[in-house]
Amino acid sequence: MAAPSYDKFLRQKHIKFFQRCLQVLPGRYSSLDTSRMTIAFFAISGLDMLNALDVLEKEKNDIIDWIYSLQVLPNNDESNINHCGFRGCSSMGNPYDSKKNKEKGIPYDGAHIAMTYTALASLLILGDDLSKVNREVILLALRNLQQKDGSFRPVCEPSEDDMRFVYCASCICYMLNDWSGMDVDRAAQYIKNSVSYEGGIGQGPYLEAHGGSTFCGVASLVLMNKLNTVLSEKHVKHLKSWCIFRQQSGFQGRPNKPVDTCYSFWVGATLKLLDSYKFVNCQFNRAFLMDTQQELTGGFSKWPSHNPDALHAYFGVCGLSLMGEEGLQPMHAALNISKRAADFLTTVQVTWSQQS
């Protein structure tokens with residue numbers, strides 16, 4: 001007897017959903033216009049996780065060119081060196097011409113650390129070798145974003161700084177195979193200082209532990225190869241317990257909060273990195289994700305009976321990948337991309353080392 005539709009993973013519906021995310025979005029996404037790069041990453045990486053990148057074959061080169069058009073390069077006098085990296089959308093500044101390899105800078109046009117991370121990840125997923133990325137200026141600009149306490153700002157102007165941007169910086173340095181973009185010891189100390197009395201990790205010191213910031217802290221330490229040198233055995237034990245107790249049916253981000261689709265990745269991936277995923281009740285977690293899967297449109301929503309969105313659709317797929325769902329690619333949990341894309345990154349880095 002066939003499984004009921006609500007228990008099936010609707011792969012083809014999800015492929016169509018992510019394709020739409022790259023084409024046209026509903027009006028409620030207008031507030032995210034400056035973060036188009038992130039939305040594109042969710043769609044591109046989502047299709048990769050679904051082993052469906054072939055649906056982008058015709059437009060792949062156009063997407064790569066679009067990503068490069070959002071690269072912020074230094075002016076001739078390098079007066080904007082701290083602004084370099086990738087911006088989030090085309091309405092933020094002058095486009096970089098990948099064919100002519102130049103850009104004319106304008107005042108207040110600058111990169112964002114999260115857009116730089118998702119741009120590099122998307123290029124790798126699409127099979128680009130990052131040959132047009134100005135790695136040197138990205139790393140220089142990145143180092144200037146780091147604060148005295150080890151945290152990072154997302155932009156060179158005064159703004160917020162927290163664990164999210166430590167993670168983005170760690171991914172950028174790891175992907176570019178060059179840790180000169182940060183003071184690693186200071187960043188690692190910031191993560192250690194953000195471990196709360198509960199055992200999880202907050203957005204910063206003395207803040208409440210949260211599933212998202214816990215992943216960002218742990219994944220950063222894994223990428224730095226400092227997890228077991230920064231966190232004691234006792235810290236790691238408490239961290240594992242905090243994460244395990246976040247599962248109700250699916251996972252919650254904090255105690256006494258409702259379960260939410262995205263934490264099947266944020267908390268689940270943390271447990272994977274801590275070699276403790278065996279403690280997850282996959283049957284309960286999958287049942288919750290099937291409740292947030294949208295049968296008509298594809299995608300996943302934050303909660304059952306809500307509208308799907310790109311973020312929760314992507315992390316719903318990732319949460320299922322961590323559980324070994326049939327038809328999905330395995331993840332490189334720390335980088336939040338497929339293992340296939342991470343393996344391609346390794347070949348790119350080998351080429352760089354041979355060229356140097």
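User: What share of the contacts between residues at least 6 apart in sequence join residues at least 24 apart?
Analyst: 68% of them, with contact meaning heavy atoms within 4.5 Å. Keep in mind that this is a predicted model, where local features need pLDDT of at least 70, side-chain atom pairs count only at pLDDT 80 or more, and totals for chains, interfaces and linings use all residues. Residues are numbered from 1 along each chain as its sequence is written, and side-chain values use heavy atoms, with hydrogens and water left out.

User: OK, and how many helices and strands?
Analyst: There are 14 helices and four strands. Those are DSSP runs numbered from the N terminus, helices being H or I with at least four residues and strands E with at least two.

User: Why does the radius of gyration agree with a compact globule?
Analyst: Because a compact globule of 356 residues would come out near 21 Å, and the protein has 20 Å. The radius is taken over C-alpha atoms, and the globule rule is 2.2 Å times the number of residues to the power 0.38.

User: How much of the protein is buried?
Analyst: 55% of the 356 residues. Buried is under 20% relative accessible area, exposed is over 50%, and partly exposed is in between (1.4 Å probe, protein chains only).

User: Switching to Q146. Where is it found?
Analyst: Q146 is in the loop between α5 (135-143) and α6 (163-175).

User: Buried or exposed, and why?
Analyst: Q146 counts as buried because its relative accessibility is 9%.

User: What does the Q146 side chain reach?
Analyst: The backbone nitrogen of D183, at 2.7 Å.

User: And which residues is Q146 in contact with, leaving aside neighbours within four places in sequence?
Analyst: S151, F152, M182, D183, R186 and A187.

User: What about D162, where does that sit?
Analyst: D162 is also placed in the loop between α5 and α6. D162 is buried too, with a relative accessible area of 9%.

User: Which contacts does D162 have, again leaving aside neighbours within four places?
Analyst: F152, Y190 and Q203.

User: Last topic: what kinds of residues line the second largest pocket?
Analyst: The lining divides into 10 nonpolar, one polar and four charged. Here Ala, Val, Leu, Ile, Met, Phe, Trp, Tyr, Cys and Pro count as nonpolar, Asp, Glu, Lys and Arg as charged, and the others, Gly among them, as polar.

Technical notes:
A polar contact is a pair of N or O atoms within 3.5 Å; within protein, one must be able to donate a hydrogen and the other to accept it, and residues adjacent in sequence count only if both atoms are side-chain atoms.
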